[in-house]
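Have the sequence and the model open side by side while reading. The text below goes through one region at a time.

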Amino acid sequence: AKNTGSNSLCFFDTRMPAQVRERSDIEAGLRIALEQDQLVLHYQPQVDRDGHIIGAEALIRWCHPQQGMISPGRFIPLAEANGLILPIGNWVLETACQQLARWAEVPALAHLTLSVNVSANQLSQPDFVERVLEVLQRTGAPAQKLKLELTESALVHEIEEIIRKMSVLKEHGVCFSLDDFGTGYSSLNYLSRLPLDQLKIDQSFVQGMLQDTNSAEIAHLIMLLAERMGLVVLAEGVETEEQRAALLERGCQQFQGYLFGRPMTVEQLEGELQA
Ligand code: C2E
Ligand code: CA
Ligand code: CA
Ligand code: CA
């Protein structure tokens, strides 16, 4: 620890070792998790204005043999920092496409889209496009049902290169969604140039919109912007009927949140659809 004063030195001395230990435990554990099939995808339903399930978002979990289910918030940021996000991201894409290929064979499930989170690091790989096309082809998943979710932070560097990659995948039918919209720093100039299909209103605005006028204004503006740009708008983190009603009234087209379903196993999701 740097000696920047007695208070901070005391803080580092008592707190850092445990944090560092947890961090390297997670790193070592993640490599094993990849080798030993401890990662799983859960699926959270996405619904239309009538409440019908139109698709799902794939969300990763780590089934740790001792610690139980570990949420992505605890290991994805670490994986992004140490490069493990690349093999993890490949596993997610592969697993999601296998699932899409299975759904395509079942008439009652063939309409479902599947949204997959892609981190900035993955998108910036020179072979990203080839990799996605190869997985689609090998698994037989319909490209039109695959929706790649990008965050604004993935779009700030090498914008021309990113537009090119997105355009090639779009020609093959793949869709793109801008995740957590409103929380990052994308300029409207960039936004209009990106070949996007969907904007996701971040859950912080959805959850704040009935309490503070600021969040309500932002949510409303995002819906107007999406409409102007011809993009589908999906509200995330919808937990109450009141939130759903307010969003419906403003013209929101798609919804995701605990009100409609938590992230669940694929069997549970299929059960909801056949019920
Ligand atoms: P995200 O992409 O913004 O995903 C939405 C998060 O909100 C999920 O958390 C979901 O469980 C949670 N959520 C959904 N509905 C509600 C609701 O009504 N209320 C509340 N309070 N929360 C809700 P989760 O599964 O813990 O994932 C956290 C983040 O981890 C994701 O945020 C995403 O950034 C990242 N992540 C998850 N899976 C992957 C993956 O396969 N690859 C990458 N790169 N990142 C992933
Ligand atoms: Ca997402
Ligand atoms: Ca999100
Ligand atoms: Ca988020």
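This is a predicted model: local features need pLDDT of at least 70, side-chain atom pairs count only at pLDDT 80 or more; totals for chains, interfaces and linings use all residues.

**From the core to the calcium ions**

The largest nonpolar core has 80 residues, and L146 and L148 are the ones with the most contacts inside it. Helix 3, residues 85-104, supplies the largest share of this core, 9 residues. In soluble globular proteins, nonpolar side chains tend to be buried together.

What is L148 in contact with, once its neighbours within four places in sequence are left aside? The list consists of L93, V116, V118, F128, L169, V174, C175, F176 and S177.

Next come the metal sites. The calcium ion (ligand 2) is coordinated by four residues: E57 through OE, N117 through OD1, E149 through OE and D179 through OD. The distances run from 2.1 to 2.3 Å. Written along the sequence, the spacing of these donor residues is E-x59-N-x31-E-x29-D. E57 belongs to strand 2 (residues 53-64) and N117 to strand 4 (residues 113-117), so this pair ties together parts that are 60 residues apart in sequence. Is E57 buried or exposed? Buried means under 20% relative accessible area, and E57 has 4% relative accessibility, so E57 counts as buried. N117, with a relative accessible area of 29%, is partly exposed.

D180 sits in strand 6 (residues 175-181), while E236 is in the loop between strand 8 (232-235) and helix 10 (241-249). The two residues are 56 residues apart, and the pair links distant parts of the chain. D180 has 27% relative accessibility and counts as partly exposed, whereas E236 is buried, with a relative accessible area of 8%.

A polar side-chain atom of D179 is 3.1 Å from an oxygen atom of ligand 1. For R61, the distance from an N or O atom of the side chain to an oxygen atom of ligand 1 is 2.8 Å. On its own, ligand 1 has 800 Å² of accessible area, and the protein covers 81% of that.

The last stop is R138, a residue of helix 5 (residues 128-139). R138 is partly exposed, at 45% relative accessibility. Which side chains does R138 join by polar contacts of 2.6 Å? One contact of 2.6 Å is with the side chain of E94, and another of 2.6 Å is with the side chain of E134. R138 can also be placed relative to D127: the two are 11 residues apart in sequence, and their C-alpha atoms are 16 Å apart in space.

Conventions: Residues are numbered from 1 along each chain as its sequence is written. Chains are lettered from A and ligands numbered from 1 in the order in which they are written. Side-chain values use heavy atoms; hydrogens and water are left out. Donors are N, O and S atoms within 2.8 Å of the metal (3.2 Å for Na, K and Ca); water is not among the atoms, so sites may look incomplete. Helices (H or I, at least four residues) and strands (E, at least two) are DSSP runs, numbered from the N terminus. Buried means under 20% relative accessible area, exposed over 50%, partly exposed in between (1.4 Å probe, protein chains only). A nonpolar core is a set of buried Ala, Val, Leu, Ile, Met, Phe, Trp, Tyr and Cys residues joined through side-chain atoms within 4.5 Å. Contact means heavy atoms within 4.5 Å. A polar contact is a pair of N or O atoms within 3.5 Å; within protein, one must be able to donate a hydrogen and the other to accept it, and residues adjacent in sequence count only if both atoms are side-chain atoms. Accessible areas come from the Shrake-Rupley method with a 1.4 Å probe; for residues, only the protein chains shown count as cover.
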